[in-house]
Amino acid sequence: MRGWHCLALAGALTLVAATAAADDTNPPAAASAPAIANDARDQALQSFQRDMVSVLALRATAEPLLGAALLARPLSNPSKTGSFHALINRAAAADDSGPAVQWVRLADCDAKADACPNATALRKLTEEAPDNAAVWLLKLGIDTRDMKAKSTREDLAKAANSKIYDDYAGNSLTALANVVDALPPPPATQGAAGPAGVQALIVLANARLQPQPALPVVAKLCEGAGGDDALKADCLKLAKLLGWGSSPLSRSLGLHLFETLGDATEKATAQQQRRDLIWQVQNYSQLALHAQDDPTVAQLLLATARQGGAEMSQIATVLRTRGVSITAPGSWQPQPQSPDAAQQDTSASAHSP
């Protein structure tokens, strides 16, 4: 798809901790350390995360249970009460629960039985957040998979006529940041940035597990609009909505649709905005990786997440606080990705529960 490598690059922000998490939870600097030290720190981090889940499982309100569920999701052999399934369902049953919990609950499903995403959570989302385009784009991916062409087209129309696009990644970052200090990080888990570096790593690494609609499917559908004026109109309406979406990935798709379907002015504007978006993503990603060595950066990331807001607003806040412009310098150009990186990021951008 034309321009899809840029969309994949923006999607990589949801995996901003992937470099650190490539060996589960090692920071980049650990690459030169002996393997035995890496293994020991991995085990200490996993044990610490498991201990936090045990403590947080005692909570009764939605947000800390959401944070606990996100922490529990990657753990192997969890206890019955400390599993992702148990915790996310308790969060969903809490009196103060909402769409952000149902969104993460989408991942509480059996992929081997082809039962993903969670049907109950999707139904709840269509009831609780009918004006959120992300919900309908998620459903669009399912209906496309099931070859329901009429339903797929209806999903696109509902998405185009929605009021917002929110994949609730900001809510998950906030939930994690608000619970990650439930216990002090043991010395064996800490790097140069101390406790704050460990906490920032855990927040970013676990937030990357956020469910996502299969946005490449949406791009393909709209790119095939051809002479279908009604489809093209809905795709351009959706592009405008996505341009103000909650995540870099959604914004990049909106710009991609304008570049594909818009007039000359819209295409030129989208190209400039895409350049700015990639600048923001790259600078935020670099800061996030430095959080393992710089306690000031780690504390900023945690404080920003605790303030709440969508993922994009958190990115902008971090950049402005660090004195980084959210507009790319006039001479700056995005660095091209290697074929291997583009392939990996495209797979990530297509992830669904």
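I looked up Asp114 and found it exposed, because its relative accessibility is 56% and the cut-off for exposed is over 50%. I note that the model is predicted.

I then read the backbone angles of Asp114. Its phi is positive, about 55°, although Asp114 is not a glycine. I recorded this because most residues other than glycine have a negative phi. Asp114 sits in the loop between H6 and H7.

I stayed in that loop, which runs between helix H6 (99-105) and helix H7 (119-128) and also holds Pro117. The peptide bond from Cys116 to Pro117 is cis, with omega near 0°. Most peptide bonds are trans.

I looked up Met147 next. Met147 is not a glycine either, and its phi is positive, near 60°. I located Met147 in the loop between helix H8 (133-145) and helix H9 (149-160). Is Met147 buried or exposed? I read a relative accessible area of 77%, so Met147 counts as exposed.

I turned to the second largest pocket, which holds about 490 Å³ of space. I found 22 residues in its lining, and the closest to its centre are Gly243, Trp244, Arg251, Gln273 and Gln280. Helix H13 (229-242), helix H14 (248-261), helix H15 (264-290) and helix H17 (311-321) each give two or more residues to this lining.

Which element gives the most to the lining of the second largest pocket? I found that H17 does, with six residues. I sorted the lining by class and got 11 nonpolar, seven polar and four charged residues.

Terms used. Residues numbered from 1 in each chain as written. Predicted model: local features only at pLDDT ≥ 70, side-chain atom pairs only at ≥ 80, totals over all residues. Heavy atoms only, no water. 1 Å grid on protein atoms, 1.4 Å probe; cavity = no way out; pocket = protein on both sides within 12 Å on 5 of 7 lines; lining within 4 Å. Points joined across faces, edges and corners; volume = space filled by probe spheres on them. Helix = DSSP H or I, 4+ residues; strand = E, 2+ residues; numbered from the N terminus. Nonpolar A, V, L, I, M, F, W, Y, C, P; charged D, E, K, R; others polar. Buried < 20%, exposed > 50% of the residue type's maximum accessible area, 1.4 Å probe, protein only.
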